Structure formats: structure tokens, C-alpha cells
Amino acid sequence: VPTVDTVRYSYLLEKSLSVSKPMLFTGHSGVGKSAVISNLISRLVDGGAWASLPISFSAQTSARRTQESIESKLDKRKKTLLGPPPGKRMVMFVDDVNMPTLETYGAAPPVELLRQFLDQGGFYDRQKLFWKAISDVVEVAACGPPGGGRNPLTPRYVRHHTVMVMPQPSAE
């Protein structure tokens, strides 16, 4: 059932996606971050102009697996250019983006891969070491507050996003 809050967040997310601006939703467990994002994405995909790339992070998520997940859903447009099917744009929804375990120097490799995509528009091929550009893909992420297995996100990653904080639902 749509509430004032869910309609508000869906509207803001839709406008953000229309101008290819990444968005990060945060809030405690159970406030509906993933539900709001998933409902909007399914509406956009049903409209025909968008494709979807859902990724769910856990403590065991690796950068290699993340890159393989992203590449498997994208078409090869040229030798060094990847993108969604022709005539479509893609929304990449990363759920629990702050779950991957930190490495020795305090970085989470899967999150750093996403940051590289946001900073430079792609990443390197792991076998032949050439640059793969990615076009027409917009990232949307959801995370809970740090603690209990969740790690803080680096400012280098967060700076790319419009950050939306979802409070606990009101009684209205």
C-alpha cells in the first residue's frame, strides 16, 4: 500500500534516475528502502525503456564476483564498450552496499569497484587488462547504519550519490 513517504521517495528516485544521478538510500532495517527501490524499478522495467541489474552484497562478496555479475547482464556494444540492450537504459540496484568485509587497509573491494565505475565510467578486464567502458547504467544503492556486520562507506564512494535517509514509518 503506497504511503505519502513511499510515493515521495519513489518520485525523487525516478527524477534522479531520469538525469542519471546515482542515489543512496539509508535507514534502519525494516523502513522499506529495498521495497521502494524494487517497486520503482519493476515499474520502470514494465514501461520498456529500462532494464534492471540487481546485486545483493554480503560479507563474502568479492570484487571479482561483483564485476562478473555486472558484465554478465551487459551487452558488448564495441570491443571496449558495455551497455544495456539497444534502446534501453539500465538501473543497477546494489542492496546492502556496506556489507562486504573490509580488507587490511580499510577498503571494501566490491565497493571500490563500484566507486571506480562511478569515478571513471568502467573498469579493467581481468584477463587481458584493457579498459571496459560502461554506458547508460545508473547505480542505486541501499544500506543500513554501520554496526552489526555493516561497515561505514567511504566519502570517496558516497560523494557520487544523492543520499536519502528513510526514517521509521509514521503512524499516518
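1. A salt bridge here is a side-chain nitrogen of Lys or Arg within 4 Å of a carboxyl oxygen of Asp or Glu. Glutamate 112 forms one with arginine 156, and the closest N and O atoms are 3.1 Å apart. The pair links distant parts of the chain: glutamate 112 sits in helix α4 and arginine 156 in helix α5 (residues 155–158), 44 residues apart. Helices are DSSP runs of H or I with at least four residues, strands are runs of E with at least two, and both are numbered from the N terminus.

2. Basis of the values. This is a predicted model: local features need pLDDT of at least 70, side-chain atom pairs count only at pLDDT 80 or more, and totals for chains, interfaces and linings use all residues. Residues are numbered from 1 along each chain as its sequence is written, and side-chain values use heavy atoms, with hydrogens and water left out.

3. The salt-bridge network. The count comes to nine salt bridges by the 4 Å rule. Glu112, Arg115, Asp119, Arg156 and Arg159 are linked in a network. Glutamate 112 also bridges to arginine 115, with the closest N and O atoms 2.8 Å apart. These two are three residues apart in α4, which means a separation of about one helical turn. Aspartate 119 meets arginine 115 at 2.4 Å, N to O. That pair, too, lies in α4, four residues apart, or about one turn of the helix. An α-helix has 3.6 residues a turn, so residues three or four places apart point the same way.

4. Buried means under 20% relative accessible area, exposed over 50%, and partly exposed in between (1.4 Å probe, protein chains only). Glutamate 112 is buried at 17%. Arginine 115 is buried at 15%. Aspartate 119 counts as partly exposed at 29%. Arginine 156 is partly exposed at 49%.

5. The sheet. Five strands form an open sheet in the order β2-β5-β8-β1-β9, with parallel pairing. The edge strands are β2 (50–56) and β9, each pairing on one side only. The twist averages 20 degrees from one strand to the next. Two strands pair if DSSP finds at least two bridges between them. Angles run from 0 to 180 degrees between N-to-C directions, and axes are lines fitted to C-alpha atoms, for helices over the stretch in contact.

6. Strand β1 and its partners. β1 (residues 23–26) runs parallel to β8 (residues 137–143), joined by four bridges. Methionine 23 stands opposite valine 140 in β8. Four bridges also join β1 to β9 (residues 162–165), again parallel. Here threonine 26 stands opposite valine 165. Met23 and Phe25 point one way from β1, Leu24 and Thr26 the other way, and all are buried.

7. The β5–β8 pairing. β5 (residues 89–95) and β8 pair in the parallel sense over six bridges.

8. Helix α2 (residues 33–47) lies across β1, β2, β5 and β8, running at about 160 degrees to β5. Helix α4 (residues 109–120) lies across β5 and β8, at about 140 degrees to β8.

9. Helix α2 in detail. The expected span is 1.5 Å times one less than the number of residues. The 15 residues of α2 should therefore span 21 Å, and the end C-alpha atoms are 22 Å apart, which agrees. Lys33, Val36, Ile37, Leu40, Ile41 and Leu44 are buried. They cover an arc of only 120 degrees around the axis, so they lie on the same side of α2. The arc is taken over the directions from the helix axis to the C-beta atoms. The buried residues of α2 pack against α1 (4–18), β1, β2, β5 and β8, where contact means heavy atoms within 4.5 Å. Glycine 48 follows α2, with a positive phi near 95 degrees.

10. Threonine 162. This residue is in strand β9. Threonine 162 is partly exposed, with a relative accessible area of 30%. Leaving aside neighbours within four places in sequence, threonine 162 is in contact with Lys21, Pro22, Met23 and Leu24. Threonine 162 and proline 54 are 108 residues apart in sequence and 19 Å apart in space, C-alpha to C-alpha.
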